[in-house]
Amino acid sequence: MKRFFRIVCWSLLIAFGLIICVVGAAWFVDSRETDRELAEEFKDQRIRPAVHYYHVAGEPGEKPRTIRFLETPALKGDSAKPVILFVHGAPSSLSFFDKFFKDTLLLNKAQLVAVDRPGYGYSDFGRVETSIINQAKFLQPLIDRYRKAPFLMIVGSSYGGSVSARLAMNNPDLVDHVVFVSSALGPGLERTYPISYLADSPLIYWCVSPLLRLANDEKLAHRKALEAILPDWPKIRANITMLHGQRDELVYPTNVSFAEHHLVNAQVKQFLLPENRHDIVFNKREYMTQIILDILNRREQKEETKVKTMAVKSTEEPVQL
């Protein structure tokens, strides 16, 4: 019996020690790159993205919000290029999409933009905002910046999908296409682990690293935040593409059927990947890129057909004498 209790005690001590090590190590991880690190990463590319900042008013009584975003330049002759805005999940930053900014096929087809969501990266790191409505409000200047683009696509991953949905609701005449990747869209259609509630307790909360604290605050408030935008799903008129892993145990695949049910004024196309979990951006990046390119190519073909049709009609019109 003594031996049994000794084993249990040692097991608990080891488990506690591992938790302490993980929590401690998390303080040294912030999942972001400085402006200088980003410049160094892309310095050898022909098309090099640049970092920009803007400020937007916060809630009444709060100081303004700072938002950082990465943008490939609009080169001469690029005025007709589509714009793709990438919105990351949690915990993360715009660096999550670095490899897309190195893809020459994408770079040649579109102007690429990625943003640090409020509280992440260098958008006031550590300053949490759990309202999807407010997060979309803070990102609205980006939509306004590209309002003259011939085609605007938003790619939202995980929690970033929730914010992307709100941006599409708010801008039905500006957002042309939304790609939801492993996106949490339906209230309650995601897993919340017991440790999330433990980490939110007063004794533990301030021991958790700022990055994990941000993600946990969003996680615990996510259901309520999604319920707040529930009535506005019919406002989305953009075309929708959904990629989701059928083995995703963090954000359930039922989010796809939820979205299809609520997107009553949008055309929806889905890609359910049988072998994938919550890892599509990491493990299926090339596949994801190909889907984005297919969307751009189809749009390009439609535009070319439209131009040809207009040209034919103009030649068939009778000449007035």
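Modeller: The protein chain has eleven helices and eight strands; helices (H or I, at least four residues) and strands (E, at least two) are DSSP runs, numbered from the N terminus. This is a predicted model, where local features need pLDDT of at least 70, side-chain atom pairs count only at pLDDT 80 or more, and totals for chains, interfaces and linings use all residues. Residues are numbered from 1 along each chain as its sequence is written, and side-chain values use heavy atoms, with hydrogens and water left out.

Colleague: What's the average pLDDT of the protein chain?

Modeller: The average is 88, and 84% of the residues score at least 70. pLDDT is the predictor's confidence in each residue, from 0 to 100.

Colleague: And where does pLDDT stay under 50?

Modeller: Over residues 15-30. The model has 13 contacts beyond four places in sequence for that stretch, with contact meaning heavy atoms within 4.5 Å. Where pLDDT is low, the predicted coordinates should not be read in detail.

Colleague: Noted. How much of the chain counts as buried?

Modeller: 46% of the 321 residues. Buried means under 20% relative accessible area, exposed over 50%, partly exposed in between (1.4 Å probe, protein chains only). As for contacts with a separation of 6 or more, 78% of them are between residues 24 or more positions apart.

Colleague: On to helix packing. At what angle do α4 and α5 cross?

Modeller: Roughly 65 degrees, with the axes of α4 (residues 132-145) and α5 (residues 159-170) coming within 9 Å. That makes α4 roughly perpendicular to α5. Axes are lines fitted to C-alpha atoms, for helices over the stretch in contact, and angles run from 0 to 180 degrees between N-to-C directions. Under 35 degrees counts as roughly parallel, over 145 as roughly antiparallel, 65 to 115 as roughly perpendicular and the rest as oblique.

Colleague: Which residues of α4 meet α5?

Modeller: Ile132, Ile133, Gln135, Ala136, Leu139, Gln140 and Ile143, and on the α5 side they meet Tyr159, Ser162, Val163, Arg166, Leu167 and Asn170. By class, the contact of α4 with α5 has eight nonpolar, four polar and one charged residues. Ala, Val, Leu, Ile, Met, Phe, Trp, Tyr, Cys and Pro count as nonpolar, Asp, Glu, Lys and Arg as charged, and the others, Gly among them, as polar.

Colleague: How about α4 and α8, what's the crossing angle there?

Modeller: Roughly 85 degrees, and the axes of α4 and α8 (residues 210-229) come within 8 Å. So α4 is roughly perpendicular to α8. From α4 the contact uses Ile132, Ile133 and Gln135, and from α8 it uses Glu218, His222, Ala225, Leu226, Ala228 and Ile229. Six of the residues in that contact are nonpolar, two polar and one charged.

Colleague: Switching to the backbone. Where is the cis peptide bond?

Modeller: Between Ala90 and Pro91, with omega about -10 degrees. Pro91 sits in the loop between β3 (83-87) and α3 (104-109).

Colleague: Is Ser157 buried or exposed?

Modeller: Buried, with a relative accessible area of 7%. Ser157 is in strand β5 (residues 152-157). Not counting residues up to four places away in sequence, Ser157 touches Val87, His88, Gly89, Phe96, Phe97, Val181, Ser183 and Val281.
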